[in-house]
Amino acid sequence: MALSVERWSTWQEAEELGFQIDCDGLMIGGIGFKKLRETPEIGYWLGRAYWGKGYMSEAVQAAVAWLFGNTDHKLVACEAMTDNPASLGVARKLGFREVGEVGCASVSRGCTMPAIRTELTRTDFLNGH
């Protein structure tokens with residue numbers, strides 16, 4: 001937690017940043033940006049009890065709006081594991097376009113998993129894709 005607070009105190013220089021998703025005062029998920037000094041990549045997770053309720057779409061939209069509103073990045077990428085169609089669906093709903101297949105590091109599984117890489121341009125996001 002202290003590292004997260006430290007990153008936010010100097011967010012303009014951070015390599016990665018995280019957002020907490022709250023509902024009724026409880027943390028129900030998280031969103032993170034990594035590679036902020038390159039092409040940023042967004043990743044996200046949500047507690048199972050909150051799946052299918054629109055929380056993640058709303059949160060990812062807000063996080064991407066923050067990114068494009070506070071940085072000069074022209075593109076954000078997202079990698080969704082092929083066995084997680086809901087995460088890919090969130091990206092597609094927000095206008096991310098598939099650009100290829102990649103390997104995505106899975107902390108929970110301790111290995112690299114097949115994934116689809118998607119990208120969203122600032123222009124497409126601001127124009128409602």
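Predicted model: local features only at pLDDT ≥ 70, side-chain atom pairs only at ≥ 80, totals over all residues.
# Strands, rings and salt bridges

Q: In which strand does M81 lie?
A: Helices (H or I, at least four residues) and strands (E, at least two) are DSSP runs, numbered from the N terminus. The strand covering residues 75–81 is β4. M81 lies in strand β4.

Q: How many Å separate the C-alpha atoms of M81 and C104?
A: M81 touches C104 (contact means heavy atoms within 4.5 Å), along with other residues including R109 and A115. M81 and C104 are 23 residues apart along the chain, and their C-alpha atoms are separated by 6.8 Å.

Q: In what order do the six strands form the sheet?
A: Two strands pair if DSSP finds at least two bridges between them. The pairing here is mixed, and the sheet is open. β1 and β5 stand at the edges with a single partner strand each, so one side of each has no neighbour in the sheet. Reading across, the order is β1-β2-β3-β4-β6-β5.

Q: How many bridges pair β5 with β6?
A: β5 spans residues 97–106 and β6 spans residues 111–121. In this pair, V102 has A115 as its bridge partner, and G100 has R117. The two strands run in the antiparallel sense, and the number of bridges is nine.

Q: Which residue in the turn between β5 and β6 has a positive phi?
A: β5 and β6 form a hairpin, with four residues between them. A phi of about 70 degrees turns up in the turn, and the residue is G110.

Q: Which residue in β6 is the bridge partner of V76?
A: β4 and β6 pair in the antiparallel sense over seven bridges. Along these strands, A80 stands opposite I116. For V76, the partner is L120.

Q: At about what angle does α2 run to β2?
A: Helix α2 lies across β1, β2, β3, β4 and β6. Axes are lines fitted to C-alpha atoms, for helices over the stretch in contact, and angles run from 0 to 180 degrees between N-to-C directions. Against β2, the angle is about 40 degrees.

Q: What is the relative accessible area of S57?
A: S57 lies in helix α2, where it touches V90, K93 and L94, leaving aside residues up to four places away in sequence. S57 counts as buried because its relative accessible area is 13%.

Q: What name describes the ring pair of Y50 and Y55?
A: A search of the whole structure finds five aromatic pairs. For Y50 and Y55, the ring centres are 5.9 Å apart and the planes stand at 70 degrees. Rings of Phe, Tyr and Trp (its six-membered ring) pair if their centres lie within 6.5 Å; planes under 30 degrees apart count as stacked, over 60 as edge-to-face and the rest as tilted. So this pair is edge-to-face.

Q: How many residues apart in sequence are the parts tied together by F68 and F125?
A: The ring centres of F68 and F125 are 5.7 Å apart with planes at 50 degrees, so the pair is tilted. F68 lies in helix α2 and F125 in helix α4, so the parts tied together are apart in sequence by 57 residues.

Q: Which residue forms a salt bridge with R109?
A: A salt bridge is a side-chain nitrogen of Lys or Arg within 4 Å of a carboxyl oxygen of Asp or Glu, and the structure holds nine of them. R109 sits in the loop between β5 and β6, and its partner is 26 residues away, in the loop between β4 and α3. The closest N and O atoms are 2.8 Å apart, and the partner is D83.

Q: What is the relative accessible area of R117?
A: R117 forms a salt bridge with E119, the closest N and O atoms being 3.3 Å apart. Salt bridges that share partners join both into one network with K34, K35, E41 and E79. E119 counts as partly exposed because its relative accessibility is 23%, whereas R117 is buried at 15%.

Notes
Residues numbered from 1 in each chain as written. Heavy atoms only, no water. Buried < 20%, exposed > 50% of the residue type's maximum accessible area, 1.4 Å probe, protein only.
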